[in-house]
Structures are given as structure tokens and as C-alpha cells.
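Please consider the points with the coordinates at hand.

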Amino acid sequence: MDNPFERRATEFLRDDEAFLAIVSPEPVTFYLKKPGHAGRLYDRLVLMRGTPGSGKTTLARLFEFPSLAALLRNSSVSTYHALVGALTECGALNGEQPAVLGCRLPLETDYREFWEFPYGESLKLRLMTALIQARAVLGWLRHLAAAGVAPDNIEVVPRAGAESIVESIGGVKGEDIGRRARAVEKALYQVIGALIAPTEADLPPEATAVYQPFDIIEHVRVRVGPEGQKRTLELRPLAILDDAHVLHPEQFHALQRWLIRRELRIARWMIARFDVLLPQEALAAVTKDLSDAASYPGLSQERETEVVLLQSSGPRRENRTNFRRIAKDMAGRYLRRMPLLSARDLVVLGDLLSDEDPTLASSKCRRLREMVDAAQRRLNVADSSRETFERKVAEFRVGGRPVDEDVGLAMVAVMLHRYDKRRRGPSLFGTEYDQEPSQPVSANSSVYEAARLHLLQRFDRPFYYGIDDLCDASSENVEQFLQLAAILVETSATQIIRSKPASLTPTTQHQLLRKRGEQIIEGWNFPQHLLVRRLVTAIAARCVEVTEQPNGWLTPNAFGILQEDFDALPDSHPELAHVLQFGVAYNAVTLVPHYPCKRKEWCLIELGGMVVLKHGLALKRGGFVESTPQALAAMLEDPRP
Amino acid sequence: MNQEFILGKLSEIMKWGTDQSRREFAWLDLMSKMKYDGYQDFRAGARFVESLADWLQQFPTLAERETAYGFVRKYLVYVSPGEMNHLVELFFPETVQWRLMQKAAAQSDVPIYRLWANTKAAALYDRLLRQTLFIELSDGARIDVFRRANAGLVSNEQVVTAPRINKAKWDDLLKDLQDDLKDPEAQFAFVFLVDDFIASGTTLLRWEKDKNRWNGKMLRFWDDVEEAGVAGTHFEPTWVLCVHHYLATHRARETAEQRHAGVLKERRDAGQDWFERVKFSYGMVLPESFPVDQAHHGEFLKLVENYYDDVIETKHMKLGGEDARLGFGKCALPLVLEHNTPNNSLSLLWADTPGEKGKHSMRPLFRRRQRHT
């Protein structure tokens, strides 16, 4: 019983068709349509940043030439139509033809070694960029060869004014360019592979000679089609430098500076996690929605780069809605790969997750009623007032339906406490002299949410169930979504095997999701994870405390600190900033900057979905506990984990 | 059979809830694919999960089924082809080469670490390697895997694929050796007797009370050498007999060496010859705590007792003792090898009996192919 949800990494799928079958067009449209349409994906450096599992490599692989070719080969297959449309909108496809010649270079291997050499900075950079360029050129040629384009049908079009230096890359013919790139790669590989780094004087001439194909090449012209019907394609070369965070930070910045230059004509993308950035850069990246604010002499960051943030930031409602769409689409693609489910036509994840409201057992309901009665007596609230609350609750609708008895009782309890708070205590002259508070207590969504959370905290009544809760608990991270969905899908498959209904009850979903959330947190092993865990646990404990308040005035899942304090965090509390950087990078927390509340501007440190699941907090956003950098920093203090 | 169907049945037999079913299905799926389905006696449509369901069904109560399943889940050791082949591949570098290097270094009077740097010593090592014979004691010795793993190091003329060798074969082997070394005086210096598994040591060497004599594969090899009259002509005076098993129990390691010492003493006392220099070696020795015992597996041993049919006690089985509940020689092993289950393993795992004469019928989890019927 293979569960494709358990292994998302697209690197494991060697076959392009198999890869395309599981790729959803939604992230392509959401993240890349706008810049792609405007041409900003191909004329400047694109900095793509995201957490592990946010889909960076999937996007990169999708833009590789073999994927585009496979997609066009199968464009008549209806399941690919959406993907073809999305890539056309991004400018990667032009009608029935590919427009870009993409190749992905994982920077995990070899490149970091250059920074260990005993050479000057500029020489080290030159050697590294020469290797990147040689491998990119070879990658482009390899992809074209795989698509059946013979080397003599490939020609490079140099940028205007570069015709005279075209000899430095071997000429304009495909074969010559390939030969030169292979010589450069071989020479540089000898340097990397040497047990002892050669002296500068001993470096092979091919390694140090001028070799700048990125500066020279504007287009690649290929002739495709059968003999006699050949047509010419002009392709824009695209070099996708993946996993750039493995480079030394200085190396990373030097490479970025080199790629940002305007005279480069090829399209170039740099993909990295947040780890490589300094805390101030990383936090700025998510709070300002613009990474690397530092600009270089003569370069304006905004004009020279395009930042694509595969991370929760910016318009939150839109993000959440969009992520739900991506997740559902992706889940359908994965379900189709599970014969046990697809044979039964169970290819919509939402169909497997029942969202019918659960109700408490009658004994628990009785206890709840007794608790409400006791609260009414303790607070000295008149029967008439309670009756009013009960009437309001009976009139309250969720999705057009009245609430269940248990939720109704919990809502009345919340309203009783709100009423008591607002009237400033009971009247000295008996309940009949109670004054109506200036702000009447109403049965609204806030009372409903608080009541459900109270039932969760006190009676473990299921709270997390249904496809939307599953999506919202994933912190808008594809990998986390699949990790959570995996356990649900596996349980559904188990039920089918056991001749039970495929649909999971809310209780099962709730229990499985909470347990999985806990397991994922226990499995954290990223840098600073112990301190991140300490921080989020302390924040969550405080949020639970507030949520449990009987009047349910707030159902928080975040801490808020003033924006100005947050902006000063890297200087005022560098350790906290560092911990937060990794918390953000690995989805333990999400930053919500410039959040207006009480006429002040806040930065919310919102708990990630796994923490919310583990501690039983609200998925709904916006509720936060006011705090300060000092209080947050104190949470990292002794006893150290 | 439909895998999902049988998993569903298993879940019913074991009365698992959804949560436990999910966990167990994942384990069963993984272990079937990675290991158990490769058992050579399983057939398409009746592999591990099917056999497990059938095996568990013979226990009428849930408590017994849980004990049986728990035993398979936690204690059963299954040696897959990959693991056994790994032990075969380690045989040459870890045992053969090491032993030859010791001798070459000693004869050349150089420290062992200098062996390869000393041309004379290295040449002597090469000569000793050619003067070595590898003889399989049973078809489990995987001599084909050994040969392929050491192609280029060991020639085909050094490997004998039959445990009994007649005079003509001995002469052929010697002639090949002398031709290869271009030395008409060359003789064998090492003989490796190789087998896959030794559990009780009985097959290798045993005292037969009724016949009042020693018997076993080592005895037979001695008799063959004597009978062919090659001891003085085909072997160097200081030749060494090496007995290697890829896998052994702790008990077998001790027993084999004790019995060899016993035979040597007894025959010397009686004025008879026996191998002068014998070395035992093992690819891996299962620990002393490996056999199932009352203290740790009391519940499972109750099943072994209650579901035993003594019809499996054949004359061959009785060589290891009267009772075969705990397997041949009362070894009580929770062990299955991919090509066959050793008869030293607990009988409840492998025995297949019709249940006649009022005896309980035993259904196997890993059906065993009997060598002696």
C-alpha cells in the first residue's frame, strides 16, 4: 500500500511524465504569473526564497527544458491543459513552442569548495562562476540533445556588440560551444578535485582564461522538426541555481552580486532557503516582502531583481484561499496515484474528510449543562437574561444551520461571563435589578469560536476536521500539508481494507492531526530547533491560558510586539532575532508585519500549524497576546533546553 | 490473492482497530516487500501475509494469536539473500586473506603490515592463495556467489562444488595446481570447508551412541582423504584445514571446537590420525541470548507446547534428541533463512503436519523443505 503523500520530493521522480502528473499548476500561477507576464522572470535576477517543502525545486524542475518538452508532447492530455496554460501565462511557453531553455544546477556539490581555496576573493568567484557557466551551457546542450536536436542544429545568438568576443566561448556553433564548455569544466574539476590546491601560477589555463557565456549569449537558435520541414526556434537560456543556501554566505552574496548585473542577457534564477540570510535580512524579507534590502553601488535592488517569496507573507486572506486551492488540487493528483482509492473513484480529499459537526456524549453534555447552571448561579445572572442568551444562540447560524446542543451550551456559558464582565458584577439588590450593559452580549462568530475551543480544552471535542482545517493547519507549506494528509489518507485506505467507510469521522481526523503535529514538532532538527521549540511552547502555553478564559474574549494563536520594537530586534535582541529567523524558515512561526490594532502597528509572531494543532489553539488568524521583545527573550532563558 | 483483501482478513483475525490496523498494515507491507515475500518456498498468491493469516488462524483464542503475532513482529530474525550474500562476500577479505597473510608474513619473517611492500612475501602470499582449496559442505554454501565475488582472485580450479571427492578428482586438482604454479612439487597448503549455517554442530561432528563412533561431515571428509590416500601426496606436511560457516549460533561455535578437541584426543589415544591443524571461523555469530527461552518468551513457548505434533520426530530429527518442539538439537531458534527454515528453528514456525491420530495439525508460517524425508 504505497502512500505517495509520504514522499513528496520531486527529485525521486526520474520520469518527466510522472513528475508532471503530480505537479499542480496553482503555485505557478500564484507565484509566477504576474512577474512572468510582465517579463520580469527572464530579464533580471530572480531570487526565489522559501522554506523546505515550499516547492522551490518543483518549480525549478518544471521550467527545465525536458519538462516543457514533455508537457508539449502530451499537451493533448486533458490533465496537462491547466499546466500548459499556467506556463504560457508565465512566458515559459509560447503557443505550441517552448520559449525558454531552462536547466537547473543544484549548487549542493563542488561549488562550496571554491571558497576554501587560498586565492583572492575575485579569483575564487571567477573560478566558481566559470564552472557554473560551463555546466549551464552543457546542461542546455544536453537537454536539447535529449529532445532530439542535433548539435549542428544549435546556434548561439550573441548579444549586440559581443560578436568579437564570441570566440572565448568556442564560437556560435553548438558543437564548438559544447567542446569549449567541456574543456573548462574538466580543468575546473581538476582544481576542485586536487588533494592540495594548486598555486595560482599552476592553475590550468582553461580554468583561468576568460570564459563568460552568460555575458555573451542572448538567445539559442535551434532548428527542429523532420528533414525538409525544419523550423527555427529562438529560446531564451535560463540558468536555475538551486539550493544556493549551501554556499558560504559571502560566496552567496558575491554570486548574487555577479548575477544581478544588467549586461547579462540570459535569464537567471537563484533559489535558496532563508538560512543563508543574516537575521535582519531574513526577517526583513518576510516582513517587507522584499529580500536583501541592501543595495550595491550603482544598482537599485528593486529594479534589478525580482523576489519571489514562496512563503506566507503579503495578503493573508488571499494566501490562505489560494493555498487551499493548491493543496486540494495537489491532493487529487496524489490520490489518483493510489490504486486502492482511485479504483473506487475517491480522488477528492475533501470527500474522505467528513466535516459533519460532532456532538458530545450525553453524559458529557449533562456535565456541561451543570457547569453552565453553576456559572449562572455563581455569577448571579437572572433567568430572564440567560433565556435571552439561549434565544440568541438558537437564532445563530453557521453555514445556514443552527449550532448543536453542546456548542449552544458552551456559547451560553461564554455569554454569561461576557455579560458579567460588561455589567461590572451583580447588583447588590438581586438579579431583577441587573442593569443591561451598554454593549449588549450577542451570539456571534467570536462567541462560537471561543465556545468550540472551550469544548476542545475541557472535553476534547473534535475541533480540527474537514479539508479546510487540514489546509489551514499546514501553514501554507506544501510539505506540511502532505505530511498531515498522509496520515489521513493512510487511515482512510486502512478503513477501506477493513471494509469500513472510506470517510474519516471528525474525531479520527482531529486525533490523527493533533498526534501528527506533535510528531512533526518532535522531529524538528533544524538549526536552533531546541530554542525555537522552547519559544513556541511558551507562546502556545500563554495562548492556551488566554483561550481558556471563560468569557472567551480572545482566541489567540500569536504574540504581538510593536512593529518599531520588532524592527530593532536584530540589534536589541540578536539571539531572539536569530531564533525567530529559523522559526520562520522552518514554519514554526509566521510573521505578520504592520498589523493594525488599537491604533498601533504590531508585528505578530503567529504560531505555525503544527504548534497550533499540538496545543489545541484556534486556526483563525488575528487573535494575539500583546508582548514585548524582553518577554520573548526571557522565554529563551534558563533552564536551557 | 488480493493483498488488500487478505490484510482486511488479518485485521479481522487479530481484531485490530483502525489505528492499530494502519500501523500494522504499514509494517506488514514494508516487511513483506523488503524481506519475507522473498522466501523461496512462498508461491505467487500465497506469500507472507497470506501465510501469516493462515498460520494465525490455527490458534483459536485472540490471546494466543496476539502472542504469536507479537513474536513474529518483535523476535523473528529473517536472513535475506542480500544479508547472506554480504556474509559470503566478506568471507575472502576477512577470513581467507587474513589467514594467508598471517602465514606468508610468518614464513617470510616480516611484520604483517609490511607484507605487500615485501616482494618475496607478497609472492609467497600469491602462491599460498593458489595452494588453497575451497570445498562446499552443502548446497547452502553459495559457492557460486563466492566464486563471482572473487573472480580474478580465486580460480575455478580451486573451488570444489561437491563435498565428497574421489581420487581422480584429487589428482586433477593437484595437477591444475602444479601446472598453474609451474612447480611439479607443489601441494595444497589450505583447505576451506565452507557451509552457510551451523546451529548445533551435530551435522559437522557428533558422537553416535548406538554405533559407538564419531560421525559428521568432518569425519566423512577425513575418510575420503584417507580412502583416496592423498594425505601424504597432495598436501604439504603443515597443511591447515579451515572450517568456515557464514552464520553460526553461539552454542555451535563452542560445541564444534569442543568436539574437534574430543575427536583429536580420542583418536590419538587410540593411535589413529586426525586433522592436526584445524581452524574454525564464522562470518557472524548469533549471540548467546538469541535462542527463545522460558524467561523471555514463556507465552510463546506455551503455544509451541500446545500445538505440537510429534509426527515430525523422524529418525533424522532424533539425531538431535528425542523431542523436536524446539527444533533439531533443541536449539530453539527464532530464525528463518530465505532459502529454507533451519530445522533448528522452533517447530511451530515451519512444521507442516496432517494432525492424524488425534494430534494437533501444525500449519507452517515458513514451510520448510525437508532435506531428509
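**Notes on a helix terminus and the nonpolar cores**

1. In this predicted model, the side chain of Thr547(A) lies 2.7 Å from the backbone oxygen of Cys543(A). Thr547(A) belongs to helix α23 of chain A.

2. Is Thr547(A) buried or exposed? The relative accessible area of Thr547(A) is 0%, and the threshold for burial is under 20%, so this residue counts as buried. Beyond residues up to four places away in sequence, Thr547(A) touches Leu453(A), His454(A), Gln457(A), Leu554(A), Thr555(A), Pro556(A) and Leu617(A).

3. Buried positions in α23(A) include His529(A), Leu531(A), Val532(A), Leu535(A), Val536(A), Ile539(A), Ala540(A) and Cys543(A). An α-helix has 3.6 residues a turn, so residues three or four places apart point the same way.

4. The largest nonpolar core contains 131 residues, of which Leu349(A) and Trp55(B) touch the most other members. Helix α21 of chain A (residues 478–497) supplies the largest share of this core, namely 12 residues.

5. With neighbours within four places in sequence set aside, Trp55(B) is in contact with Ala68(B), Val72(B), Phe300(B), Leu348(B), Leu349(B), Arg363(B), Pro364(B) and Leu365(B). A second, separate core of 66 residues has Phe114(A), Leu141(A), Val224(A) and Leu259(A) among its members.

Terms used:
Residues are numbered from 1 along each chain as its sequence is written. Chains are lettered from A and ligands numbered from 1 in the order in which they are written. This is a predicted model: local features need pLDDT of at least 70, side-chain atom pairs count only at pLDDT 80 or more; totals for chains, interfaces and linings use all residues. Side-chain values use heavy atoms; hydrogens and water are left out. A nonpolar core is a set of buried Ala, Val, Leu, Ile, Met, Phe, Trp, Tyr and Cys residues joined through side-chain atoms within 4.5 Å. Buried means under 20% relative accessible area, exposed over 50%, partly exposed in between (1.4 Å probe, protein chains only). Helices (H or I, at least four residues) and strands (E, at least two) are DSSP runs, numbered from the N terminus. Contact means heavy atoms within 4.5 Å. A polar contact is a pair of N or O atoms within 3.5 Å; within protein, one must be able to donate a hydrogen and the other to accept it, and residues adjacent in sequence count only if both atoms are side-chain atoms.
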